[in-house]
Amino acid sequence: VSTQSTWDMATTLNLKGSDGKVIPVSAAIKEMSILIKDILKDAPASEEIPLSQYDGDTLKKVVEFCELVQYKNDVPYLKQIKEDTKFEEVVKEEKERDFIKKLTDQDLFKLVVVANFMDIKRLFELCCATLAYAYRGKEKNIEKIYGMPMAVNEDIEVNMKEQFPWAFEIDQERLEALKAQDLLD
């Protein structure tokens with residue numbers, strides 16, 4: 001019998017954070033998180049899933065969101081964002097808007113990172129959409145808040161190209177895929 005069959009939706013998993021907090025969650029989270037789904041392919045049913053890069057409070061918020069949306073990972077928010085669209089038109093579910101609005105900026109930034117790591121598309125896109133709307137038209141404020149220039153001078157660009165040459169390589173296949181999804185003009 002494979003271990004995968006032992007992970008039905010009624011099974012409770014334990015996510016262990018960097019602070020030692022253990023967060024119980026339904027195995028249904030594997031329907032939202034590709035990371036958890038991959039881990040469960042090989043993990044024995046009795047083990048905790050260590051996520052030592054993230055604190056228990058942040059993991060608890062991830063679980064809260066997954067339960068809120070009943071483990072459905074099917075809403076592509078970012079594709080819906082257009083210049084004149086309102087946040088409420090993109091995030092149609094009031095319960096999701098309420099969830100995201102009660103987060104502090106620090107919580108939101110932590111959540112976008114863990115959602116990306118755990119590959120929870122719906123939560124990641126909700127966080128990104130929230131940030132996009134929060135900073136829309138506020139480029140000058142971003143410079144002040146985070147102390148980072150929005151305009152990159154030639155010296156900075158040369159330095160970045162030397163340190164991170166891969167970041168400047170254009171993946172034509174990915175570029176075409178993004179254009180096909182109407183994510184790029």
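Me: What makes Glu-64 partly exposed in this predicted model?
Reply: Its relative accessible area is 32%. Buried needs under 20%, exposed over 50%. The 32% of Glu-64 lies in between, so the residue is called partly exposed.

Me: And why does Lys-102 count as exposed?
Reply: Lys-102 has 54% relative accessibility.

Me: Why is the contact of Lys-41 with Asp-38 called a salt bridge?
Reply: The N to O distance is 3.6 Å. That is within 4 Å, so it counts. Both residues lie in helix α1, three residues apart, about one turn of the helix.

Me: What makes Asp-57 and Lys-21 a salt bridge?
Reply: Their closest N and O atoms are 2.8 Å apart. The cut-off is 4 Å, so the pair passes. Asp-57 belongs to helix α2 and Lys-21 to the loop between β1 and β2, so parts 36 residues apart in sequence are tied together.

Me: How do you know that β1 and β2 pair?
Reply: Five bridges join them, antiparallel. Pairing takes at least two, so they pair.

Me: Why do β2 and β3 count as edge strands?
Reply: The sheet is open, in the order β2-β1-β3. β2 and β3 each have a single partner strand, so one side of each lacks a neighbour in the sheet.

Note on methods. Residues are numbered from 1 along each chain as its sequence is written. This is a predicted model: local features need pLDDT of at least 70, side-chain atom pairs count only at pLDDT 80 or more; totals for chains, interfaces and linings use all residues. Side-chain values use heavy atoms; hydrogens and water are left out. Helices (H or I, at least four residues) and strands (E, at least two) are DSSP runs, numbered from the N terminus. A salt bridge is a side-chain nitrogen of Lys or Arg within 4 Å of a carboxyl oxygen of Asp or Glu. Buried means under 20% relative accessible area, exposed over 50%, partly exposed in between (1.4 Å probe, protein chains only).
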